[in-house]
Amino acid sequence: MRPNDENGKLSTANRPFRVLIISGSDRRQYNCPGVDSKSRALMLRMAGRLPQEWEIDYEDLGNVYARSRIQSCNACASTAMSLCCWPCNCYEKNNKDEPDLMWDMDLYARLDLADAWAILGPVNWYAPTSNLKLMFDRLVCMNGGNPKEALIEHKNPELAMKLEHSPEWKDLAVNHLEGRTAGFFCYGDDASEERNADGRPRYIAPEHAHYFDPAAEPADQAETYAPLVWQCRFSGIEVPEALWHYEEFGSGKVYSDTQAEDMAQDDVFLRAFDAWTHRFADFVREKGKVKPGKYRAFGYKPPTHRWSGIKLWWRDKKMRTGHAPPGSSPYAQEEMGVNQDVTAFPATSEGDKLRRG
């Protein structure tokens, strides 16, 4: 059935199962590729094959012209874990300066509402797609993110560093989406169409052939999604081995002959995907519904932070003139000459600064 977000207000026992399917390809027919992805087709196929008494939510992360993108993680956790807020407050919904797809699509709430996530996507250069990596980078906050941004005046790094050392922090830092299940189905080819008989890429000039050793090339393509899988596991999200799967498609063919319509005629590939879908459904059903965490993304209303914003704006202006807060990390770095980042125009690239003298 279609997802009804209002069911998130019901008790776990009284609401239906809910699954979120993510199509992780960067392709959409409404941008320069002009063609939709295989993962989108798989997303729709899976949605039609899961138990229809469940709520089936799905989303396509593909790039659409003029639509917002998933903004990158600012690595707040590396300053202090308590500076990384749950859900992420580096960005906000419908912001024109930094439009963010995670907030515009309510992905934090939808991930919270689901008992299980199905992540579908291709292998791009021995790795997940950039959009999937962006989404999971932004989910660092599900692992110990600060659920009370007022304690750090929205984004004050000095207050966050202090909070991280306080006894109170141990009660706040929890896995906010713990207990859920994530399944990963990735696919790709062996690039045989682009290789010589010795397995080396045919575009490499002969004098550089030794740069690429086919014997050292990663063999298990499922491992390309290992960063996402292990991030989930580190955050208390269960990823069973049976639901971490790679399936080959399109080997020996040029890319223009391996579109979604070609995949739809490949019975071997589709049988493998359908079998994975059945394993996913069986596991989720047997495991049962997941109780929500203490601090929910569903129903979350970002607090206003006008006064905090003014103070952070003033902090920024002082740092641009070389007056970082005494005792702060930027102050220490200025004193030691570590980062040399005092500038009135921080958006100017380092390359431009070098060339201007």
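Start by selecting aspartate 316: this residue is partly exposed, with a relative accessible area of 26% (buried means under 20% relative accessible area, exposed over 50%, partly exposed in between, with a 1.4 Å probe and protein chains only). Before you go on, keep in mind that this is a predicted model, in which local features need pLDDT of at least 70 and side-chain atom pairs count only at pLDDT 80 or more, while totals for chains, interfaces and linings use all residues. Residues are numbered from 1 along each chain as its sequence is written, and side-chain values use heavy atoms, with hydrogens and water left out.

Aspartate 316 and lysine 317 form a salt bridge, with 3.4 Å between the closest N and O atoms (a salt bridge is a side-chain nitrogen of Lys or Arg within 4 Å of a carboxyl oxygen of Asp or Glu). Lysine 317 is partly exposed too, at 28% relative accessibility. By this rule the model has 28 salt bridges.

Next stop: helix 9. Select arginine 49 and aspartate 274, whose side chains meet in a salt bridge at 3.6 Å, N to O. Arginine 49 belongs to helix 1 (residues 38-49) and aspartate 274 to helix 9 (residues 267-287), so this pair ties together parts that are 225 residues apart in sequence. Helices (H or I, at least four residues) and strands (E, at least two) are DSSP runs, numbered from the N terminus. Arginine 49 is partly exposed at 40% relative accessibility, whereas aspartate 274 is buried at 15%.

Stay on helix 9 and pick lysine 287 together with glutamate 238. Their closest N and O atoms are 2.9 Å apart, in a salt bridge. Lysine 287 lies in helix 9 and glutamate 238 in the loop between helix 7 (226-234) and strand 5 (244-248), so the pair ties together parts that are 49 residues apart in sequence. Relative accessible area is 32% for lysine 287, which is partly exposed, and 36% for glutamate 238, also partly exposed.

In that loop between helix 7 and strand 5, select serine 235. Is serine 235 buried or exposed? Serine 235 is buried, with a relative accessible area of 2%. Show glutamine 231 as well: its backbone oxygen lies 3.0 Å from a polar side-chain atom of serine 235. Beyond its neighbours within four places in sequence, serine 235 is in contact (heavy atoms within 4.5 Å) with Met142, Asn143, Asn175 and Glu178.

How values were computed:
Polar contact = N/O pair within 3.5 Å; in protein donor to acceptor, adjacent residues only side chain to side chain.
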